[in-house]
Amino acid sequence: MIIGKGVSTGIGFGNTVILKSQERKIEKKTVENPENEMKKFKEALGQVTKETETIVESASGTEKEIMSAYLMIMKDETLIQETENAITNLKYNAEYAVEIGFNSVIQIFENMDDEYMAGRARDIADIKNRILAKLFNEQIINISELKPNTIIVATELTTSDTAKLDFKNVSGIITELGGTNSHTSIMARTHAIPAITKVGEATRIFHNGDYVAINGDSGEIYLNPTQKEIEELEKIKKEQEKENEELEKYRDSVTKTADGYVVELVANIGTPADVEIILRNTAEGVGLFRSEFLYMDSENMPTEEQQFLAYKEVAEKMGDRPVIIRTLDVGGDKDLKYLQLPKEDNPFLGYRAIRLCLDNITLFKTQLKAILRASKYGNLSIMFPMISSIEELRNAKNILRECKIELDEQDIPYKKNIKVGIMIEIPSAALIASGLAKECDFFSIGTNDLIQYTVAVERGNEKISNLYTKFHPGVIKLIKQAIDGAHDAGIFCGMCGEAAGDELFIPLLIGLGLDEFSMNSNNILKSRKRISELEKYDCKELAEQVLKLNSAEEVERKLREFSKR
Ligand code: PEP
Ligand code: MG
């Protein structure tokens, strides 16, 4: 048995697919026989072209458009002239000739003034990569189309890899690196896929096609499990299913405490496809639509129309239920390759989220107009991430105002009084909550970031993860300040960080007066049950006691005692 750290609950069985980051060493050689190298190159190019043709035939929508554009590029003679020249005249080996031949074309595109043409450099680099993969006999795995019951094994899944993953066929994820609150772990939980991280050397221990069983709670992994092990895991799986069945009676009930205090129980989503999952789990709305996943799931910047269609789909599917769309929150651990974000020493403290949007007005306006246009089809609100000051909120609202004027000029309809809120995830924002609350319609506390900025512990850094805790009295005081600031100004305060769905933490949040809990939808029934067992008065008393404590350890102990009552 191999042990890692369980970050997403459940039992999974299946065959492994290993995703290894390929480190190629391209050697420069001069050859006697350039014809052979030319043959190798032409064969590799032919295979890649054929594969692309097959994809174009079966694809639809954006993927079809992108792949058709790739085909056109591949069939352009000028693209391969430099490579052929490097083989025939300079007598270089095929691999090196492809590297330098394609790089010279990539450079020409990169230097073009036209933004669209400059963006094609990335496509050509991708084609080069695929030809080199053929020449090196590497297997490229298409993670958007996997066989049923696949267990993904990877060094680390990037957030954009996860956005493309064919979730319906994944029955488990094993990674060498990554933390509980990394976006990959959050996505695994959304899709109810068992996941285990911190499995050192996983990509060496396992081989493609190995049969494994995993327990996402205990972090246990069984390579070629025995019949007895399979039976034990099946038993745990059945127990988990039974527990879930017992929650069924909370499907149709209102979310309220035993003494009748009603709160909103809503869900976090990453894509329009998640709506079906959260409705199945009886979410009363969407408290956080992480719109950046639309951007990360795409090879190019999504257009206003593409975004409009995605937001409209969510709005329509959710009907009257509230949906909060968060504007683009990239940077930090969420990269957008086509934006070519600068490399930074401290990306979490850097050029990200609202800072990036306020600096790229065209990009920001494209998204805001798409949301405004979609607002007519449902109950949408807009939320700005990473607000640290009142000026940022005002600037963002001014740009939104300009978008409304531009839509008015074109007679394009939208909901005029659409609500505008902000995430409270930076301590400075929590500290000036009462001022911010006077200039917006709602708050949503993002504990995932609020914790990391309050205790100065990067959210994905496993080495210091023991210091990353929502129980820190400093974090709790900031949460209180945000809720009180909102209520004093008469606006509502929600929470969309992972802490909102933690059964141990919920009584404290009820006691502090939180109005809305937005979580991974798998936690919704469990949370509704927990809330129904609580009395608001007891929770208030608990909150008062917790606010007097000075250490995370004491806070956690107090909350555990309360949960055992
Ligand atoms: C948060 O920071 O708590 C949050 C919900 O946003 P994200 O996890 O996407 O950074
Ligand atoms: Mg955040």
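The largest cavity in this predicted model is lined by 14 residues, and those nearest its centre are Arg290, Arg326, Glu425, Asn448 and Asp449. A cavity here is a set of points, on a 1 Å grid over the protein atoms alone, where a 1.4 Å probe fits but cannot get out; lining residues have an atom within 4 Å of a point.

A word on conventions. Residues are numbered from 1 along each chain as its sequence is written, and chains are lettered from A and ligands numbered from 1 in the order in which they are written. Local features need pLDDT of at least 70 and side-chain atom pairs count only at pLDDT 80 or more, while totals for chains, interfaces and linings use all residues; side-chain values use heavy atoms, without hydrogens and water.

Back to the largest cavity. Its volume is about 90 Å³, a volume being the space filled by probe spheres set on the points, which are joined across faces, edges and corners. Strand 10 (286-290) and helix 18 (447-455) each give at least two residues to its lining; these elements are DSSP runs numbered from the N terminus, with helices (H or I) of at least four residues and strands (E) of at least two. By class, the lining holds 7 charged, 4 polar and 3 nonpolar residues. Asp, Glu, Lys and Arg count as charged, Ala, Val, Leu, Ile, Met, Phe, Trp, Tyr, Cys and Pro as nonpolar, and the others, Gly among them, as polar.

Next, ligand 1. It is surrounded by 15 residues, the closest being Arg290, Arg326, Gly446, Asn448 and Arg459, where near means a heavy atom within 4 Å. An N or O atom in the side chain of Arg326 is 2.8 Å from an oxygen atom of ligand 1, and a polar side-chain atom of Glu425 is 3.0 Å from a ligand oxygen.

How many cavities of 30 Å³ or more does a search of the whole structure find? There are 2.

Note on methods. On a 1 Å grid over the protein atoms alone, a cavity is a set of points where a 1.4 Å probe fits but cannot get out, and a pocket is an open set with protein on both sides within 12 Å along at least five of seven lines; lining residues have an atom within 4 Å of a point. A polar contact is a pair of N or O atoms within 3.5 Å; within protein, one must be able to donate a hydrogen and the other to accept it, and residues adjacent in sequence count only if both atoms are side-chain atoms.
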